[in-house]
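Reader: I want to learn how to read a model like this one. Can we go through it feature by feature?

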Amino acid sequence: MTEKKRALISVSNKEGIIDFAQDLCRLGYEVISTGGTKHALEQAAVNVHSISAVTEFPEILEGRVKTLHPNVHAGLLAKRDDDSHMEQLGELNIGTIDLVVVNLYPFKSTVTKPGVTEEEAIENIDIGGPTMLRSAAKNFRDVLPVVDPEDYTTIISYLEQGHVPMEVRRNLAYKVFAHTASYDTYISTYMAEQLELETPPTYTRTYEQVQSLRYGENPHQKAAFYRDPLFKGVSLAKAEQLNGKELSYNNIQDANAALEIVLDFNGPTAVAVKHMNPCGVGTGDSLVEAYERAYEADPVSIFGGIVAVNEEVDAATAEKMKDIFLEIIIAPSFSQEAIDILTTKKNLRLLTVDMNQPAHNEKKVTHVAGGLLVQDVDQGTFEGVDVSVATDREPTEAEWADLKFGWKVVKHVKSNAIVVAKDSQTIGVGAGQMNRVGAAKIAFEQAGGKAHGAIMASDAFFPMPDTVEDAAESGVTAIIQPGGSKRDQDSIDACNKHGIAMVFTGMRHFKH
Ligand SMILES: NC(=O)c1ncn([C@@H]2O[C@H](COP(=O)(O)O)[C@@H](O)[C@H]2O)c1NC=O
């Protein structure tokens, strides 16, 4: 049994490891390493012993077994203040290991590479590394478990002082268990994906902090923003911020809502969001035309709102955007001229999001007290539904275009939801009402005289014909809704009476 302190170093990410090992040697540690790490350290003239000298066994099976040995794990797990533990080590001639520096095979970056094979993924599942980390972390009172290269300098400074406080040790152990837990989660998530498990018996996910936030929905709520590193689709968590203040919790929610809506459109489209609901959506032949429509849809609510567009913001659009107070603009890119124009507003956040990502079959997770609800994201599209005309009159070509537009928007409005739209522009949005008639009233009131010749989209069916009657009175000429009420016929009759064309989608778009 050696008296000298021993450090076992086995790292895939070798950044900073030479300096750290040199410092450990300077502080009197004997360094033991696995093959690749030993080679790297020897290249830098660090005095290092092979793990095989400890295990008295070669590294075998292409590195699948290198450190999985009682001489390693007993050396890590023995309680130094327990005589029987120390006696057993003595009898078996096993030396203690006092510090473990391990970082793992890069499983996450391997499985996020396009076209990765299952074989590659499996070979990147680290077995010996997490085992050593867990042994060291379990015994953190006696052993220092180091998983994060960011901690190298701090640890050296504590060792130089001759004492590592218990809170520091406990924190190192916590970091290890958090790390191995998320590492295993990446593996189980990958496997669940391979198996196409829709609703697994346990729901395990892991997220990395993007940023801590000043506060949550309200100033008395603490909050942070996390991202799913395995997510391949379009995501606000991957946005680049070009200008403006730090995003807030509410900004992120609203920006995400705006992004989700704009992604459902193909031509030039602008979406303005307030409190997670679209207050103005416009499409056009150019982005500036789309933005003007989104703005004019509700010039009051867009003030202080969040705008997402699906094309590069050009100078003409930027000039219009600059005229009012917006919190955030999200776009795939901004032309240099647009940046010059918009950055004159110091606080205006400009976010670029790569909108050309593959679709990712993500689950939508909603928190309930003590639990989670997990469901598929609503990926229903107008193109994906079987639309049928329920009334005597078929919609005109112009009405069809607006019905399609309105249906895309209403999907993103909180239920009960009614959208009134005309000429590629929302003109009335009734959101989050406890009854459909109320949602419609709000939308018609906002639309005012513009409702003449407009369409109405409803996220769910009409249990009674009252909403149709109100629509007729407001001047609406075409309606799109899922259909499926026992009393559909009453609404169809009301439409026929007023010459309204009504189409059924057969798909509901509740959003809570
Ligand atoms: N199998 C083992 O006994 C084992 N022990 C340590 N490792 C890992 O091997 C890597 C370092 O290997 P090398 O020093 O040969 O470059 C580390 O990421 C470490 O976590 C192992 N590899 C995989 O499980």
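Reader: Let me start with one residue. Is Thr 153 buried or exposed?

Author: First, remember that this is a predicted model. To judge burial, count C-beta atoms around the residue's own: 20 or more within 10 Å is buried, 12 or fewer is exposed. Thr 153 has 12 C-beta neighbours inside 10 Å, so it counts as exposed. Thr 153 belongs to helix H9, residues 152–161.

Reader: How far apart in space are Thr 153 and Ser 474?

Author: They are 70 Å apart, C-alpha to C-alpha. In sequence, 321 residues separate them.

Reader: Now the whole chain. How many helices and strands are there in the chain?

Author: The chain has 18 helices and 21 strands. To read the overall shape, compare the radius of gyration with the globule rule. Here the radius of gyration is 31 Å, well over the 24 Å that the rule gives for 512 residues, so the chain is more spread out than a compact globule. The C-alpha trace spans about 95 × 55 × 45 Å along its principal axes.

Reader: What share of the residues counts as buried?

Author: Of the 512 residues, 38% count as buried. Among contacts with a separation of 6 or more, 55% come from residues 24 or more positions apart.

Reader: Next, sheets. What is the strand order in the open sheet of five strands?

Author: The general idea comes before the case. Strands of a sheet pair through backbone hydrogen bonds, either parallel or antiparallel. In this five-stranded open sheet the order is E3-E2-E1-E4-E5, and the pairing is parallel. Strand E3 (48–50) and E5 are the edge strands, each pairing on one side only. From one strand to the next, the twist averages 25 degrees.

Reader: How many bridges link E1 and E4?

Author: Five bridges, in the parallel sense. Take Ser 10 as a case: its bridge partner in E4 is Val 102.

Reader: Which strands stand at the edges of the six-stranded sheet?

Author: Take the order first. The open sheet of six strands runs E8-E13-E12-E11-E9-E10, with mixed pairing. Strand E8 (240–243) and strand E10 (277–283) stand at the edges, each with a single partner strand, so one side of each has no neighbour in the sheet. Neighbouring strands of this sheet are turned by 20 degrees against each other on average, direction ignored.

Reader: How do E12 and E13 pair?

Author: Strand E12 (residues 326–331) and strand E13 (residues 349–352) pair in the parallel sense over four bridges. Ile 329 stands opposite Leu 350 in E13. A helix also packs on this sheet: H11, residues 249–262. H11 touches strand E9 (269–274), E10, strand E11 (305–309), E12 and E13. The direction of H11 makes about 35 degrees with that of E11.

Reader: On to the ligand. Which residues are the closest to the ligand?

Author: Thr 34, Gly 36, Thr 37, Gly 128 and Gly 129 are the closest, among 21 residues that surround the ligand. Then ask which elements supply the shell. Strand E1 (6–11), helix H2 (35–43), strand E4 (99–103) and helix H8 (128–138) each give two or more residues. H2 gives the most, with three. By class, the shell has seven nonpolar, 11 polar and three charged residues.

Reader: Why is H8 largely enclosed by the rest of the structure?

Author: Eight of the 11 residues of H8 are buried, so the helix is largely enclosed. Among the buried ones are Gly 128 and Gly 129, which are also among the closest residues to the ligand. The buried residues of H8 pack against E1, H4, E4, strand E5 (144–146) and helix H10 (166–194).

Reader: Last, backbone geometry. What is the phi of Glu 56?

Author: Look for positive phi in residues other than glycine. Glu 56 has a positive phi of about 55 degrees. Glu 56 lies in the loop between helix H3 (51–55) and helix H4 (70–77). Glu 56 is exposed, with 8 other C-beta atoms within 10 Å. His 275 has a positive phi too, about 50 degrees. His 275 sits in the loop between E9 and E10. With 15 other C-beta atoms within 10 Å, His 275 is partly exposed.

Reader: Which residues does the cis peptide bond join?

Author: Ser 415 and Asn 416, with omega about -10 degrees. Asn 416 is found in the loop between helix H15 (397–410) and strand E17 (418–421).

Technical notes:
Residues are numbered from 1 along each chain as its sequence is written. This is a predicted model: local features need pLDDT of at least 70, side-chain atom pairs count only at pLDDT 80 or more; totals for chains, interfaces and linings use all residues. A residue is near a molecule or strand if its C-beta atom, placed from the backbone, lies within 6 Å of it. Ala, Val, Leu, Ile, Met, Phe, Trp, Tyr, Cys and Pro count as nonpolar, Asp, Glu, Lys and Arg as charged, and the others, Gly among them, as polar. The radius of gyration is taken over C-alpha atoms; the globule rule is 2.2 Å times the number of residues to the power 0.38. Two residues are in contact if their C-beta atoms, placed from the backbone, lie within 7 Å. Two strands pair if DSSP finds at least two bridges between them. Axes are lines fitted to C-alpha atoms, for helices over the stretch in contact, and angles run from 0 to 180 degrees between N-to-C directions.
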